[in-house]
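Here is a short report on a sheet, the helices packed on it, and a chain interface.

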Amino acid sequence: MAKKFLLRSLVVLTALTLVAAGCGNDDDDAAPAPAPATEAPAPAATEAPEPMDDPEPMDDEVVAAFVFVGPVGDAGWTWAHDQGRRYAETETGATALFVESVPETAEDFRAVALDFIENEGADVIFGTSFGYMDTMEELAGEYPDVVFEHASGFKMNDTNFGNYFGRMYQPRYLSGMAAGAMTEADQIGYVAAFPIPEVLRGINAFTLGAQRTNPDVEVHVNWTFTWFDPALEGDAATALLEAGADVIAMHQDSTAPGLAAQEAGARWVSYNSDMSAFAPDAFITAPVWNWGPYYARIIDAVAEGTYTPGAYWGGMADGIVALAPLADDVPDEVAAEIDEVAAQLTDGSWDVFTGEIRDQDGNVVVAAGETMEDGAMLGMTFFVEGVVGDADPS
Amino acid sequence: MSEEALIGLFVATVQFGTLVFLAALGELIAERAGVLNLGVEGMMAMGAVSGFMVGLETGSPWAAFFAAAAVGALVGGFHALVSVVLGADQVVSGLALTIGGLGLAAYVGRNVVGERPETLFTDLGIAGLADIPWIGEIFFDQPPVVYLAVLLGFSVWFVLARTRLGLAIRAAGESAPTADTAGHSVMALRSGAVMVGGAFAGAAGSFLSLYMAPGWVEGMVAGRGWIAVALVIFGAWRPGRLALGALLFGFTLALQPRLQSFDIELLGVEVNRISPALLGILPFVLTVVVLVIISWRYRHRPSVAPAALGLPYRREER
């Protein structure tokens, strides 16, 4: 009997490990690491790939290939990338292929990428999940004639491997302005996935925006430690609403927090894409991704032979991030102020993390008149004043 | 913690408890018949996706619920075929069911990700009772699946403890040769139990996708199938204790987001400083603790676990 118990406990523990590992791997939206992009030495190309026997029947047409971590129908992260792919296909006339739901393991990515390169004649491969980074770096060394572009990572080389991401904190600030104006309880709940710099940066930007339209506002953060658990994400939103919040914001990929808000008669700021269809009564606005122009630009550069790798971190000026349309009941003067700030963010005359900014303990983190540098923003580990919650919960 | 929040905690406790209770009740039936099925996670995922798709198509949550149960039974039938009829290792077959079920669910549901269901289960609001302060909101204003789960819990207890069929099922789980000698078909009893268990898991999955988190997305079961497996051990293979355990596990699941939103002090310790990541594994920790306790208490007696659990039965090998 003891043996059986032992076996059972072992199995349960194994399962637990699997679940835990799953949470880590599924991070489709990971933050760029604090380190600014440095020129990582390209790994020695151990084996030059054999010259391909002309896999491109149509010589002048560029073939772009996208590797997505989730399903294109997720209404969130992958959906937004797929919209970008479609846009680029129309704009450039290139063929833009994709494979969805590719796990972040090296073998999976490699198999998909090699199929694109050898059978479809892909000239440029976009990988849209943080976990693809190391495999893309290796492949870039092995296939010098193919361009590799990696979303949300921080590695690159001199010839054919670059990375790109967006300053999501800018539209998050604008969405905070709308949310601050809409809360009557002066309490906003924020359902957040993991305490990593990207998420902290979003929460801080959102809070600063909310404070601009509502100086008394508090933003209560609830950590879920998952990207993919709608039941928990929805329940976290419910818990925040029960605690007194009347607006829910989120850094999650599911629509569950919005459904919970709608159910409770509260309001909702979604993320990734305009999710107004899911909870039309609750929806206020959303900071959204708009990858299309960047994809079109890279594909054009590859077509013209002018591509050079970079560490791209575009903002509202480039259109890679934007704010979804506001709900009709957002007051006109708030909408006008949001437009005004959006214009400043776009023309670069002002940015979100401009002093004076204090952290939760009241320490000045950005002095008056100064603006935080990219490196500091990418490595953010604190909460600004007005956030209720723990920036380092574990 | 405000009154509303405290009520909310218990409302969520009942709902999460129902979710894991339904799935665990199914696993209990299979295990009492002597078959360990580690495929609960996969069966729940298949139930969640098929229930959601039928719900989208028909607009009827009940059609969705029973379709999910049918799919769960079918998937459970695979485990029955492999481990009961063919006598393969139950652990391996069950794990294959989890991995395969999750993958198949992702494939089947790839086109309905992000779809919005029109009709869902709604809270019943039982006349007269729902208005009782506290109790009403927690116990009498829940979706119908909650009450169905209670009914099923009693039924399973009754069948197992008070009927000839139950006796035969338990015999198959304690000593298959004895059941065989008594003229029962061990294969039929075990296969049936596994399929009914699968139906329960599938139905639990649809409760997830049609009420708790309306919609389908890959991975949405998020380990709750494993909590159900743990819960059977926690409940010492008894429906009554299973129900208590389900409420306790439901409470830990509901506590995870809520602890962060409130300042709660217990014995001078700020409880809400406990990491939410750690709270998530509380059900598993509790299970291990209970395992230790029951193995200690039963150290000189036969185990509480069905004696033939996990052992394939072939007549000629007796």
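## Sheet and interface

A:Ala64 stands opposite A:Ala96 in E2(A). This is a predicted model: local features need pLDDT of at least 70, side-chain atom pairs count only at pLDDT 80 or more, and totals for chains, interfaces and linings use all residues. Residues are numbered from 1 along each chain as its sequence is written, while chains are lettered from A and ligands numbered from 1 in the order in which they are written.

Strand E1 (residues 63-67) of chain A runs parallel to E2(A), joined by five bridges. Strands (E, at least two residues) and helices (H or I, at least four) are DSSP runs, numbered from the N terminus. Two strands pair if DSSP finds at least two bridges between them.

The open sheet in chain A has six strands, in the order E2-E1-E3-E4-E5-E12, with parallel pairing. Strand E2 (95-99) and strand E12 (311-314) of chain A each have a single partner strand, so one side of each is left without a neighbour in the sheet. Neighbouring strands are turned by 20° against each other on average, direction ignored.

Angles run from 0 to 180 degrees between N-to-C directions; axes are lines fitted to C-alpha atoms, for helices over the stretch in contact. Contact means C-beta atoms, placed from the backbone, within 7 Å.

| Helix | Strands touched or crossed | Angle |
|---|---|---|
| H4(A), residues 133-142 | E3(A), E4(A), E5(A) | about 165° with E4(A) |

Between the chains, 47 residues of chain B are in contact with 45 residues of chain A.

How values were computed: Two residues are in contact if their C-beta atoms, placed from the backbone, lie within 7 Å.
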